[in-house]
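Opening the notebook on this one. I'll jot down what I look up as I go.

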Amino acid sequence: MAFAETARIAACAPVAIRIETFRLEGIMTRDTANYAALVGIDWADRKHDLCLQAAGSERRERLVLEHRPEAIDEWACALRVRFGGQPVAICLEQHKGPLMAALAKYDHLVLYPVNPLLVATRRRGLKPSGAKSDIADAELILDLLSENTAKLRAWHPDDVRTRQLQALVEARRTLVESRVRTTNALTANLKLYFPQALDLFDDLACGMACDLLTQWPSLGQVQRVREATLTTFFHQHGVRNEELIAKRIAALRAAMPLTTDSGILVPALLRTKTLVAVLRAQLDGISEYDAAITKAFESHPDADVFASFPGAGSTFAPRLLAAFGADRERFASARAIQEYAGVAPVTEASGQSHWVHWRFACPRFVRQSIVEWAGMSIRYSFWARTYYQELRERGKGHNAAVRALAFKWLRIVFRCWQDRKPYDEAKYLLGLQKRQSPLLQAAAKPLPQLA
C-alpha cells in the first residue's frame with residue numbers, strides 16, 4: 001500500500017470511529033425496543049453509580065444514588081412516573097444481594113444480573129491501562145445490556161416458597177462449612193495439651209463432646225473427677241455400653257499430660273472454651289435450619305417429585321428442588337441445567353489443539369448438591385450402581401465417574417421435573433430394556449460389593 005494511501009486512512013480513522021460510537025449510543029435493537037429505558041448500575045456499599053439511556057434518545061444520563069431504602073424507592077417510583085409504567089431494563093453485577101432485594105419488588109423494573117468477570121474482561125479489553133471509575137463502569141454495563149439483551153437472561157424470581165427453601169439450604173450448607181472449620185480448629189487446639197479427648201469421640205461435632213469440654217476442658221480436671229460421675233455423664237449422653245465406658249475412664253486415669261507449661265495451657269484452655277461455645281451455637285443453628293428446611297420442603301408442591309429420587313432423602317431432596325426451582329421455563333432443556341450446574345464438560349478447540357475440561361464457572365453449591373447426591377444414589381439405584389461400576393472398570397476415577405453419573409441423572413430429573421411426576425426405578429429399567437440398552441447387558445455381570 002502506498003504511503004499516501006496509508007496516511008489518508010490514518011487521518012480519517014479517528015473521525016469514523018467517533019461517528020460510529022455516537023451512533024451506537026442511540027441504537028435501540030429489536031430486543032431493547034421493548035423497554036422504555038436501559039440502565040447500567042455499578043453498585044457499591046453506600047452508593048450506586050447509574051447510567052441511563054431512554055428509548056429513542058442519543059443522550060445518556062448519569063446519576064449517583066445513595067444506598068438508602070428511601071432514596072432507592074424515590075428513584076424507582078420516579079422511573080415509573082416518567083415512563084408511564086413501561087418496563088425499564090436494569091443491568092448490574094449482582095445476582096443476589098441488598099440492591100437486588102431492593103429493586104426486585106418493583107414490577108416495572110426488569111433486572112439483568114451479569115457476571116462481574118464479564119465486565120472486568122470487557123474493561124481490560126477497552127482500557128489496557130487499567131483505568132477504572134465507577135461511572136465509567138456503569139456506562140460499560142449499559143453498553144453490555146444494549147448490545148447483548150438477546151443473549152442476557154432477565155432475572156425472574158421463583159415463588160416465595162421456593163426462594164425461601166433456596167435461601168435455607170444454602171445458609172445451612174454455609175453453617176456446616178463453618179462448623180467444620182470450628183471442629184478443625186478445636187482438634188488442632190486439643191492436640192496442643194489434651195489429645196486424649198480426641199480418642200473419646202468419633203466426631204467433636206456432637207453435644208457430648210461440647211458438654212465434656214465445657215465441664216472438664218483439661219486432662220487434669222477430668223482425672224480429678226470420680227469414676228461414678230464420669231459414668232453418669234456417659235449414661236446421660238446415651239452411652240450404655242458399660243465395657244466401653246470403663247475402657248474410656250481407665251484410659252483417662254492412666255493418661256499422662258502432654259505438657260504442664262502454663263504458657264501453653266492458659267491460652268489453650270481459653271481457646272477451647274471459646275471454640276466450644278461457637279461449636280455449640282453452630283450445632284443448635286444447624287438443627288433449627290433442618291427443622292425449617294423440612295417444613296418448607298414438605299409444604300412445597302414439588303416435594304413428591306424430588307423426594308422420589310434414590311438416595312435423595314431429607315438432605316438432598318430439598319437441595320435438588322432448590323437447584324431446579326419452580327419455574328419450568330427457566331431451563332429450556334436438560335442440557336441447559338447440565339451446563340448451569342457445571343456437570344457438562346467444556347470443549348476448547350482451536351487449530352490442532354483440543355481440550356476437554358470440567359466447567360469452572362458455575363454455582364458451586366448447585367454442583368455440590370447434584371454431584372454429592374449422584375454419589376449417594378449409587379447405593380440406592382440399581383442402574384446407577386451398574387453405570388458407575390462400568391465407568392470404573394473402563395479406568396475412570398471415582399470423581400469422574402460420579403460426575404458422569406450426575407450428567408446422566410440430570411436428564412432424568414429434568415424430565416420428571418417438567419412432567420411433575422415422581423421417579424419410578426422400575427419404569428426406567430423397563431425403558432432401558434425396550435431400548436436394549438448396553439447398561440442392562442453390563443448389569444448381567446456380577447457386581448463387586450461397595451465398601
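Predicted model: local features only at pLDDT ≥ 70, side-chain atom pairs only at ≥ 80, totals over all residues.

I number residues from 1 along each chain as its sequence is written, and side-chain values use heavy atoms, with hydrogens and water left out.

**Strand β5.** I looked up β5, residues 109–113 (strands are DSSP runs of E, at least two residues, and helices runs of H or I, at least four, numbered from the N terminus). Five of its five residues are buried, meaning under 20% relative accessible area with a 1.4 Å probe, protein chains only. Leu109, Leu111 and Pro113 point one way, Val110 and Tyr112 the other. β5 pairs in the parallel sense with β4 (residues 88–92) over five bridges; pairing takes at least two DSSP bridges. I found Tyr112 as the bridge partner of Cys91.

**Helices α7 and α11.** Next I checked α7 (residues 207–215) against α11 (residues 262–298): their axes come within 10 Å and cross at roughly 150°. Axes are lines fitted to C-alpha atoms over the stretch in contact, with angles from 0 to 180 degrees between N-to-C directions. The two helices are therefore roughly antiparallel, the label for angles over 145 degrees. Contact (heavy atoms within 4.5 Å) involves residues including Cys210 and Leu213 of α7 and Val276 and Leu283 of α11.

**Ala322.** I place Ala322 in α13 (residues 313–324). Ala322 counts as buried because its relative accessibility is 10%. Leaving aside neighbours within four places in sequence, Ala322 contacts Gln166 and Val169.

Technical notes: Buried < 20%, exposed > 50% of the residue type's maximum accessible area, 1.4 Å probe, protein only. Parallel < 35°, antiparallel > 145°, perpendicular 65-115°, else oblique.
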